[in-house]
Amino acid sequence: MEMYAIVVLIIVAMLLIITNIRIVPQSDAVIIERLGTYAATWQTGLHVKIPFIDRIANRVLLKEKVLDFPPQPVITKDNVTMKIDTVVYMQITDPKLYTYGVENPLLAIENLSATTLRNIIGELDLDATLTSRDVINTKMRAILDEATDPWGIKVNRVEVKNIMPPEAIREAMEKQMRAERERREKILIAEGQKQSEILVAEGKKQSKILEAEAEKESKILAAEAERVSLIKKAEGESEAIRAVQQATADGLKMIKDAGADEAVLKLRSLESLEKAADGQATKIIVPADFQNLAGVVASIAEIAKK
């Protein structure tokens with residue numbers, strides 16, 4: 001019987017030990033109380049508690065938590081009532097303080113978040129509230145983080161999720177935005193029309209300038225062409241006169257070399273007289289030198305025979 005009792009005691013002891021073995025997973029922490037007093041904080045790993053003496057007071061998750069609180073009614077500085085929805089990102093850094101620091105820590109954070117938000121919004125007017133989300137987030141995070149330190153909680157971020165003004169305020173804001181959009185549209189249309197007129201006027205101006213420049217260039221080219229033509233014409237006439245004079249000089253030289261200066265000159269005078277009397281003149285004045293015209297002709301004939 002004693003052997004059976006020993007075996008039974010051993011089996012019971014093993015069962016007690018096995019049933020009191022605990023494995024703490026990653027990102028968890030376990031608070032152990034011994035006879036009603038805090039004894040230890042179990043971190044990740046294998047642990048064994050003493051039966052009937054130790055007890056698990058709390059199991060804490062160390063991961064970051066997201067607390068999405070319902071919208072809170074707040075009043076702005078200019079007495080506008082609205083609702084603001086916030087999200088708090090928190091993480092437990094000290095499981096012991098989290099367990100013994102405050103009763104129901106999440107509810108405490110929710111109430112603290114609501115009162116802090118009311119205090120911050122109470123210092124801002126409606127327009128500042130709608131445009132100062134970053135300021136609200138920063139102030140709330142600093143205040144909540146400082147207040148939750150004794151609870152073993154670290155507030156990492158606070159985000160204003162939604163701001164809901166009253167219906168009348170929203171309608172007024174929509175009308176204001178619609179009027180502002182219409183004003184900007186009219187300004188843009190007027191500005192576009194102005195730019196279009198400026199461009200058209202500038203185009204006309206450039207066109208007139210180009211036409212004037214073209215006309216000026218055309219006149220310059222025409223004057224230059226006329227000048228070149230006159231120069232060439234003058235050069236041609238000069239060359240013709242020079243050729244005629246050269247031919248006359250050569251003829252006179254040949255006549256002089258032939259020894260018939262006086263007779264030939266008289267013959268030339270006779271040819272001139274013939275051209276003058278070629279049906280165009282009614283009167284012919286015969287010079288005195290032509291009285292002996294027969295003698296001159298005979299002299300020329302003798303020269304021709306030579």
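A residue is called buried when its relative accessible area is under 20%, exposed when that area is over 50%, and partly exposed in between (1.4 Å probe, protein chains only). The structure described here is a predicted model, in which local features need pLDDT of at least 70 and side-chain atom pairs count only at pLDDT 80 or more, while totals for chains, interfaces and linings use all residues. Residues are numbered from 1 along each chain as its sequence is written, and side-chain values use heavy atoms, with hydrogens and water left out.

The protein contains eight helices and nine strands; helices (H or I, at least four residues) and strands (E, at least two) are DSSP runs, numbered from the N terminus. Of its 306 residues, 21% are buried. Contact is defined as heavy atoms within 4.5 Å. Among contacts between residues at least 6 apart in sequence, 63% join residues at least 24 apart.

Part of the surface is a nonpolar patch of about 880 Å², formed by I6, I10, M14, I17, I18, I21, I23, L46 and V48. Patches are made of residues with over 30% relative accessible area and no salt bridge; like charges are joined within 9 Å, and nonpolar side chains (Val, Leu, Ile, Met, Phe, Trp, Tyr) within 5 Å. At least two residues of the nonpolar patch come from each of α1 (2-19), β1 (21-24) and β4 (45-48), and the largest share, five residues, is supplied by α1. V48 belongs to strand β4 and is partly exposed, its relative accessible area being 48%.

Helix α3 (residues 105-121) consists of 17 residues. The distance from its first C-alpha to its last is 24 Å, close to the 24 Å expected at 1.5 Å a residue, where the expected span is 1.5 Å times one less than the number of residues. Several residues of α3 are buried, including P105, A108, I109, S113 and L117. I109 is also among the residues touched by T148, together with L112, I153 and V155, when residues up to four places away in sequence are not counted. T148 lies in helix α5 (residues 133-148) and counts as buried because its relative accessibility is 0%. A polar atom of the T148 side chain lies 3.4 Å from the backbone oxygen of D145.

Strand β2 holds E33, which is buried, with a relative accessible area of 8%. The side chains of E33 and Y100 are joined by a polar contact of 2.7 Å. Such a contact is a pair of N or O atoms within 3.5 Å; within protein, one must be able to donate a hydrogen and the other to accept it, and residues adjacent in sequence count only if both atoms are side-chain atoms. Beyond its neighbours within four places in sequence, E33 is in contact with Y38, A39, I53, D54, R55, A57 and Y100.

Most residues other than glycine have a negative phi. S27, although not a glycine, has a positive phi of about 70 degrees; S27 is located in the loop between β1 and β2 (28-34). N104, likewise not a glycine, has a positive phi of about 55 degrees and occupies the loop between α2 (95-100) and α3. S27 is partly exposed at 24% relative accessible area, and N104 is partly exposed at 44%.

Side chains of opposite charge can pair when their charged atoms come close. With a salt bridge taken as a side-chain nitrogen of Lys or Arg within 4 Å of a carboxyl oxygen of Asp or Glu, the count comes to ten. In helix α6 (residues 167-258), R183 and E180 are separated by about one helical turn because they are three residues apart, and their closest N and O atoms are 2.4 Å apart in a salt bridge. R183 is partly exposed at 43%, as is E180 at 28%. K154 and D145 form a salt bridge of 3.1 Å, N to O; K154 is partly exposed at 32% relative accessibility, whereas D145 is buried at 11%. A further salt bridge links K219 and E215, with the closest N and O atoms 3.5 Å apart. K219 counts as exposed because its relative accessibility is 55%, while E215 is partly exposed at 46%. Salt bridges that share partners also join R141, D145 and K154 into one network.

Terms used:
Areas by Shrake-Rupley, 256 points an atom, 1.4 Å probe, with all protein chains shown as cover.
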